[in-house]
Each structure stands twice: as structure tokens, then as C-alpha cells.
Amino acid sequence: MYKIKYINFWNDIGNTQGRWFTRFIEENLNVKLIEIQNDNLTPDIVISSCFGNLNNINKYKNVKLKIFFYGENLNLYPQFNNFENLYDIFDLIIGFKNTDREKKIFRLPLWMIYYPFYNMNTHANILNYIQSEYSKNIKNKKSNCCLVSKHDSGGQRTKIYNEVVKYCEIFCPSNFKKNCNAIGKNVKDKLDFLKKFKYNICPENSKFEGYFTEKIFHSLESGCIPIYWGVELPEKNIINEKCYCFVDVDNEKNLKTQIKYLFENTDNFICENIFIKDSEKVVKTYYDDIINQIKYILK
């Protein structure tokens with residue numbers, strides 16, 4: 001049995017992001033974890049994110065395992081964006097960057113912890129689940145579009161919206177361009193809403209090395225054709241690039257051409273398989289690399 005502590009994390013440590021790591025360690029190490037909040041108790045494992053003060057980790061110098069997990073663009077959290085500093089403090093640095101074992105950096109992108117899967121079982125695994133939901137939900141869609149977002153701080157959503165609205169109606173239930181009834185705040189509410197639409201405008205908020213969040217995966221899971229923008233093609237070793245429309249928001253001419261092609265050739269974006277060959281091996285490596293490190297440290 002190990003005691004685990006979350007710091008600088010999302011407000012509710014029992015939420016998807018926090019609880020995922022607890023279950024991941026429990027299921028793969030066959031151990032029991034107790035999540036603690038009492039500062040008078042000494043944890044065995046500390047997991048920090050970037051929502052707070054990096055100095056909060058100082059009181060946990062003698063714990064068995066210290067993990068830093070960043071599910072956000074660290075350019076927006078400069079206190080946590082010095083990887084040499086993180087290397088000196090933590091045993092594992094987990095997030096969007098490609099795995100570099102010598103620097104204790106391991107890839108586990110944010111989208112993976114939105115799903116209750118903790119390894120790559122043959123049948124019940126994250127990719128099979130998303131594929132099955134896509135295959136079910138892609139059918140019999142009306143030709144309309146949605147956009148779920150609180151803001152557009154980078155301006156990319158506005159650019160995409162202004163082109164897409166020339167071809168179909170766009171429903172926006174959140175703060176940005178709100179024009180229909182609001183939806184609930186949990187993930188299920190969002191997915192239930194997306195399932196109604198053929199297209200979903202779902203760009204990332206910003207660019208960061210390897211930064212692909214849940215946005216395109218929620219869109220695919222719901223059977224939408226994602227209209228996507230990010231640092232590069234999303235998870236190009238996993239996702240079939242034919243099942244989404246990647247747009248260039250920095251070039252107006254390209255953006256117009258890409259959106260026009262999408263609406264004139266929609267059937268080309270509906271794929272039997274949304275994941276490419278060997279995608280399961282890629283995701284399995286993400287899981288295995290991290291759990292092997294944790295086993296080695298805790299042994």
C-alpha cells in the first residue's frame with residue numbers, strides 16, 4: 001500500500017486527470033493507493049502539475065517517487081517550463097514531449113487520461129473504444145456544425161467559424177459565439193451534444209511541442225468530422241489523417257481552400273478506420289514506458 005499526494009493539480013484531485021494516475025498505478029502494479037490531503041502525513045508518491053507554485057514540491061524531498069505531469073502548454077506556465085530544473089526535482093516528467101529516457105521525459109498526452117483505460121488490453125483498450133464509438137455515431141448525421149469553447153484567445157476559432165458558416169449553420173452552446181442552449185459542464189454532456197452534428201470545429205488553444213489534447217478525440221468519438229488546427233498534424237503515428245480536416249489558420253487562402261474542399265467532398269472524410277496500422281503499438285509504448293519506470297523506482 002502506498003500513500004499518494006497531488007499538488008499543483010486541478011482543484012478536485014478526484015477528477016478525471018487526478019484519479020486516472022491513481023488507477024493507472026493500482027492496476028499495473030497491483031497495489032492499493034490511498035490519496036491523502038493531510039499535510040501531516042508523509043506520502044510515498046507525489047504527483048505535481050503546473051497549477052500552482054513549483055516550490056510546493058520542496059517539502060517532499062524524501063518521498064519515494066515524484067512525478068510531474070503537464071496537461072497544458074507550459075509556455076503559459078513559465079515557472080514550470082525549465083526542463084533542466086524539472087529534471088533536478090522530479091523522477092519522471094510526463095506530458096506532450098517525445099520520450100527521452102536520459103532526461104526522464106515520457107510521453108503521455110492529455111487526451112489519453114480522459115478515458116478510463118490504463119494499458120493496451122487486446123480488446124478493451126482506448127483505441128478500440130474510440131473507434132467503436134466513431135463507427136456507431138458517424139451514421140445519419142445532418143449537415144450542420146458545432147463549436148464548443150469558452151474563448152478564442154488566439155483568434156483561430158473566429159477565422160475557422162467565418163469560413164465554415166458560409167457552408168452550414170454552426171451551433172455554439174458555450175461562451176464563445178453562444179447562439180443555442182448551454183450544455184452541462186461534464187464530458188458526457190459535451191459528447192452528447194457533439195453526437196448531433198456532422199462537423200465539429202475543434203482547434204487547440206495554442207501550440208506546444210507534441211500538444212494534442214482531447215479535442216479531436218472527443219470529436220471523433222462523437223462521430224463528427226473534426227475541423228482541426230494545432231502545432232502539426234495530430235498524433236500522426238496514431239490517427240488516420242483522412243478522417244479530419246486540418247486547416248491553416250495563418251494563411252487565409254489556404255483556409256478557404258481547405259474548408260471549401262471539405263464541404264464539397266465530405267464523404268472523403270468519413271473513414272472505416274480512424275487509426276492507422278501500428279497505432280496500438282504506439283499507445284502501448286506510452287503506457288509501458290511509464291509503468292516500467294515507476295516499477296523500477298518503487299521496487
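Modeller: The expected span of a helix is 1.5 Å times one less than its number of residues, where helices (H or I, at least four residues) and strands (E, at least two) are DSSP runs numbered from the N terminus. This is a predicted model, in which local features need pLDDT of at least 70 and side-chain atom pairs count only at pLDDT 80 or more, while totals for chains, interfaces and linings use all residues. Residues are numbered from 1 along each chain as its sequence is written, and side-chain values use heavy atoms, with hydrogens and water left out.

Colleague: How far apart are the end C-alpha atoms of helix α8?
Modeller: Helix α8 runs over residues 279–298, which makes 20 residues. At 1.5 Å a residue these should span 28 Å, and this agrees with the distance in the model, where the end C-alpha atoms are separated by 29 Å.

Colleague: Which residues in α8 are buried?
Modeller: A residue is called buried under 20% relative accessible area, exposed over 50%, and partly exposed in between, using a 1.4 Å probe and protein chains only. By that rule, the buried residues of α8 are Ser279, Val283, Tyr286, Tyr287, Asp289, Ile290, Ile291, Ile294 and Leu298.

Colleague: Asp278 has a positive phi, so where is Asp278 found, and is it buried, exposed or partly exposed?
Modeller: Most residues other than glycine have a negative phi. Asp278 is not a glycine, yet its phi is positive, at about 75°, and it sits in the loop between α7 (252–264) and α8. Its relative accessible area is 39%, so Asp278 counts as partly exposed.

Colleague: Asn140 also has a positive phi; is Asn140 buried or exposed?
Modeller: Asn140, again not a glycine, has a phi of about 55° and belongs to the loop between α3 (126–137) and β7. Because its relative accessibility is 81%, Asn140 counts as exposed.

Colleague: Which residues line the largest pocket closest to its centre?
Modeller: On a 1 Å grid over the protein atoms alone, a pocket is an open set of points where a 1.4 Å probe fits, with protein on both sides within 12 Å along at least five of seven lines, and lining residues have an atom within 4 Å of a point. With points joined across faces, edges and corners, and volume taken as the space filled by probe spheres set on them, the largest pocket holds about 1,400 Å³. Of its 42 lining residues, the closest to the centre are Tyr114, Lys150, Lys185, Lys190 and Glu214.

Colleague: Which element gives the largest share of that lining?
Modeller: The elements that give two or more residues are α1 (16–29), α5 (187–194), β9 (197–201) and α6 (215–221). The largest share, 3 residues, comes from α5.

Colleague: How far is the sulfur of Cys271 from the closest cysteine sulfur?
Modeller: A disulfide is a pair of cysteine sulfur atoms within 2.5 Å, and the structure holds 0 of them. Cys202, for instance, is in no disulfide, its nearest cysteine sulfur being that of Cys224, 8.0 Å away. Cys271 is buried, with a relative accessible area of 13%. The closest sulfur to that of Cys271 is in Cys243, and it is too far for a bond, because the distance is 5.2 Å.

Colleague: Pro203 lies in a loop; which residues is Pro203 in contact with?
Modeller: Pro203 lies between β9 and α6 and is buried, because its relative accessible area is 1%. Leaving aside neighbours within four places in sequence, the contacts of Pro203 are Gln156, Arg157, Ile160, Lys215, Ile227 and Trp229.

Colleague: By what distance are the C-alpha atoms of Gly71 and Ile94 separated?
Modeller: Gly71 is in the loop between β4 (65–69) and α2 (83–89), and it counts as buried because its relative accessibility is 0%. Leaving aside neighbours within four places in sequence, Gly71 is in contact with Phe96, Leu110 and Tyr211. Gly71 and Ile94 are 23 residues apart along the chain, and their C-alpha atoms are separated by 8.7 Å.

Conventions:
Contact = heavy atoms within 4.5 Å.
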